[in-house]
Amino acid sequence: MKNYKIVLLSVLLFILICLFKVAFEGLFIQQKSFIGEWLWDVSFGSAFLAAISASVFLVFGIFLNGHFQKKALLDRSSSSASDKQPNSTEYLKTQDFSRVSDERLRHIFEKSPVMMHLIDENGTFRDVNERWLEVMGYSKDELLGHNVSFVMTPGSAIASRTEVLPRLWRNGAVRDVPYQYIRKDGTVIDVLLDSVAMNDPAWGRVSLSTVRNITLRKRAEEETRKTKALLDSIIQNLPTAVFVKEADQLSFVLWNRKCEQLYGYKAEEVIGKTAKDLFREADKFEKQDRHVLSTGRFLEIQEQDVATRHDGVRTLHSKKVPIIGVNGKASHLVGISEDITELKVAQRNLISAREAAEQASRAKSSFLANMSHEIRTPMNGVIGMTELALNTDLTSEQREYLEAVKISAESLLRLINDILDFSKIEAGKFELIEMDFSLRDSVANAMIAVSMQAHSKNLELVCHIPPQIPDILIGDPGRLNQILINLLGNAIKFTQKGEVAVDLQVDSESEGYIFLHFSIKDTGIGIPKDKQEKIFKVFEQADGSTTRKYGGTGLGLAVSLQLVQMMGGNIWLESEVGSGSTFHFTAKLGIKQGPSRENFSWDISMFKDLPVLIVDDNATNRFILKEILDYWGMKPVAVESAIEALGVMKRARQDEQPFVLVILDHMMPDIDGFELAERMNSDPDLSGVTKIMLTSAGQRGDAYRCVDLGISAYCTKPIKQSELLDIISKALNKVPTNEIKPTLVTRHSLRERKRFLKVLLAEDNVINQRLASTILQKRGHMVAIAENGKEALQILQNGRFDVILMDVQMPEMDGFQATMAIREKEKISGEHIPIFAMTAHAMSGDREKCLAEGMDGYISKPINAEELLENLDKLVSQREVTYEEAAYNAERGEIVDKALLMTRVGGDTALLDELVQLFLKNSPEMLSAVKNAVEHGNAEGIEKTAHSLKGSVGNFAAERAFQAAMKLETMGRDGKLRHAEEAFTELEKEINLFKDTLISLRNAHFSGIIH
């Protein structure tokens, strides 16, 4: 019994020590690796605590064993004495104490949180506690009497039988023995076992063991091992050099394989050493490292040269980052290096190649610009002079030849433009400009540009722009026109009859922007499905054979695609063979912010409720005209034939709501517009109605027929909305009272209301001089010509001009140099004369360069009369007319009184032609005689020659030239020659203007249209 108490006390002490050991094993020593992972090192703590617990356990076991043996001897002595003098009370107390102690020790054993078991020398289970049963899943009945190998894996059982138990019985104790136990459910757990051998009165030698379940820890250790192995493998096999230095001495603690390849040193040669032991750049490296460690910040070295062991100096891109320890300070430094030597070489080669490419691009751009100039300059003369020739009196055969020349020249020009545009796009030199423009005028200009092509095939050319679409937008009107002209020209080319219609709709609208949807629909041959995708590709056509009916390079649509995409839109088509095609494209344009989006020169409120009849056999034309007039507040009625129109007008007269205005289409089936006008004139109830004639193709003599039939206005379609409103206003005599109503309103008569300008033309090419001056003088503008920029500056010193047309490329002094000189003088005078660049260059940046050099506008060659005059018209409308200019313009009058001249020749154009030719032949000699007399101061000669010249110009009703000649004649008669040279200069200018006016007047009359 006493021995049993000793065992129980020993167990109690053993349990307490184990609890103490387990509690302290949780206090692991924490270490932080260079990669920032927490590692737990328990080997040292476990061994230390196991040694302490074993020592204490054995000491206390020996002590308690001796104590209880001594106490047993005393008890036996006392017992023998008590036998002599029995004391039953003390005996009972001793028995109770022993029983309570036994129960207490048993309770501690059973309820211990540590797994415990007791085995004998044969390894048979003699006792286990509740925690052991709970973890393993067995009951005591299932376990007691079985050998300990019953719960062990085979490997653990063999180790226990052959190694651990013999050592236990030999040494009396074993510590931290690793086993694997098999739980009742079959799962395997890892345990650590501490055992001590002792004597038991019942079982002999026994082993009391505590068992710790370390399965989770083993798993964590295994995961840590795998993770460490994975990280090590990753770091070692990275394609980038990675090294680690400890913070104190900056010695290397890691050096991966890529470092070995890059720097030429093996890991075993580097680990534990510093950069000073290996690299001559060590001081620079250490400075960088100390900076990173002290600031705790990432450092990137874009490039630095490092001497390697075998490959010489290499250029490296390095990054360094600190690793912060538990104390908040940097414990290690990680470095990453990448060899960029080849990359730097490639970059240098790339820069050299880019510079060579840029130089080639500049050469290409220069070549294209020069080629553009050299080609456009003669093309300017071909097209311009052909147009002038077509305005003269020609035989039908001559006219046919010249029209063929003009068509061929324009086709060649379009080809040149497409090639240049494609080259610019390909070179990335193509840019869009941003400017305010009128949408309706821009679209109308594009349609006017192709109208002759359409009218030659008797095609209707119509355009529908809903009134709700804003007119003043922001974008590149020139490139928008180019897209429209390409698509319209393409539609006209493949359409033999019917119409080509342009329709605009709003696709979407956002703040400040509008997405417009353009559609160009034709009634042509259509495009097969399998050909539709490739027609937008460069040099591709629906029919690419050499026997194709329709020509073309295929560049136009490819360029249009690029332009549309640059405008933020898309382009596509819908087509069926035999049913025509519809090309669609969208464009993003800015909306001009302001109170008004309309730009009319008339107050449209004056036309409110005006009854108008529209007569046109084309349904699209009727719809468009009616929509426009509705938007202006009029009350239009549209009919499709002359018969229907007569009936509608009679009924309106009977209802006492007669039409005030009738808009007639010229070319209608059965009864055309002229015949309808005749029938209206023959009916007293209809003869007073104002009539406007619109035609798809003007014919010689149409203007005279209009005058004879009382038609107030005559214009070809398509017509701009602003022009249509002007024509209606003029036809209805809604003009200021001091303005005389013309006999016939045309596009040309509308333009004559514009103010005339004094223009300085700086141009070295004789043909361009002639063409531009003729276009301007026919509009009534005065033109002075300079051969180069230097001469232009000299002319400006002697007179004032409203505008300068400046060629860019001229000898002696080019347009840019001349413009710079003019602007420098204006800094002192405070004046500003508008300068328009005229250039045959067409490369990206030319416009911007002109504006940057101080020019106000840009006109490309070949000179387009409409573009030139439109720019000048805008200038007139923008400039404020001074009092002196207004007085001068009021007094100067017409160069030639056209009506008086026609009266004098009795309307005989043949006689007019004869007189004009005679004057043009003799006038140079007559003017030379006057000049000779002036230069020699011959008063009598001046009087005689000036008188003769005065008589000649007087026959042509040229009042201004007549007055200039008479002024010089008077000086000669009076002998007052002080200002004779100035008077002659004025006479020469007026004679030149007069001659140009005579030519244009003669051409106009012979073409059958009154201007």
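**View 1. A surface spot around Leu 238.** Leu 238 sits in the loop that runs between helix 7 (215–237) and strand 8 (241–246); helices here are DSSP runs of H or I with at least four residues, strands are E runs of at least two, and both are numbered from the N terminus. This is a predicted model, so to speak of local features pLDDT has to be at least 70, side-chain atom pairs count only at pLDDT 80 or more, and totals for chains, interfaces and linings use all residues. Residues are numbered from 1 along each chain as its sequence is written, and side-chain values use heavy atoms, with hydrogens and water left out. With a relative accessible area of 33%, Leu 238 is partly exposed (buried is under 20%, exposed over 50%, partly exposed in between, with a 1.4 Å probe and protein chains only).

**View 2. Arg 212 and Asp 176 pair up in a salt bridge.** Their N to O distance is 2.5 Å, where a salt bridge is a side-chain nitrogen of Lys or Arg within 4 Å of a carboxyl oxygen of Asp or Glu. Arg 212 belongs to strand 7 (residues 204–213) and Asp 176 to strand 5 (residues 173–182), so the pair ties together parts 36 residues apart in sequence. Arg 212 counts as buried at 10% relative accessibility, while Asp 176 counts as partly exposed at 23%.

**View 3. Arg 309 meets Glu 269 in another salt bridge.** Here the N to O distance is 3.0 Å. Arg 309 is in the loop between strand 10 (299–307) and strand 11 (313–324), Glu 269 is in helix 9 (residues 267–270), and the two are 40 residues apart. Arg 309 is partly exposed at 38% relative accessibility, and Glu 269 is partly exposed at 25%.

**View 4. Arg 440 and Asp 471 form a buried salt bridge.** The closest N and O atoms are 3.4 Å apart. Arg 440 lies in helix 13 (residues 439–455) and Asp 471 in the loop between strand 14 (460–464) and strand 15 (472–475), so parts 31 residues apart in sequence are tied together. A search of the whole structure turns up 30 salt bridges.

**View 5. Val 206 and its surroundings.** Val 206 is in strand 7 and is buried, with a relative accessible area of 1%. Ile 119 is 87 residues away in sequence, yet its C-alpha is 5.6 Å from that of Val 206. Beyond neighbours within four places in sequence, Val 206 has contacts that include Leu 118, Ile 119, Trp 169 and Met 198, contact meaning heavy atoms within 4.5 Å.

**View 6. Helix 24 beside helix 25.** The axes of helix 24 (residues 789–797) and helix 25 (residues 815–829) come within 9 Å and cross at roughly 30°. That makes helix 24 roughly parallel to helix 25. Gly 789, Leu 793, Leu 796 and Gln 797 of helix 24 make the contact with Ala 818, Ala 821, Ile 822 and Lys 825 of helix 25. Axes are lines fitted to C-alpha atoms, for helices over the stretch in contact, with angles from 0 to 180 degrees between N-to-C directions; under 35 degrees counts as roughly parallel, over 145 as roughly antiparallel, 65 to 115 as roughly perpendicular and the rest as oblique.
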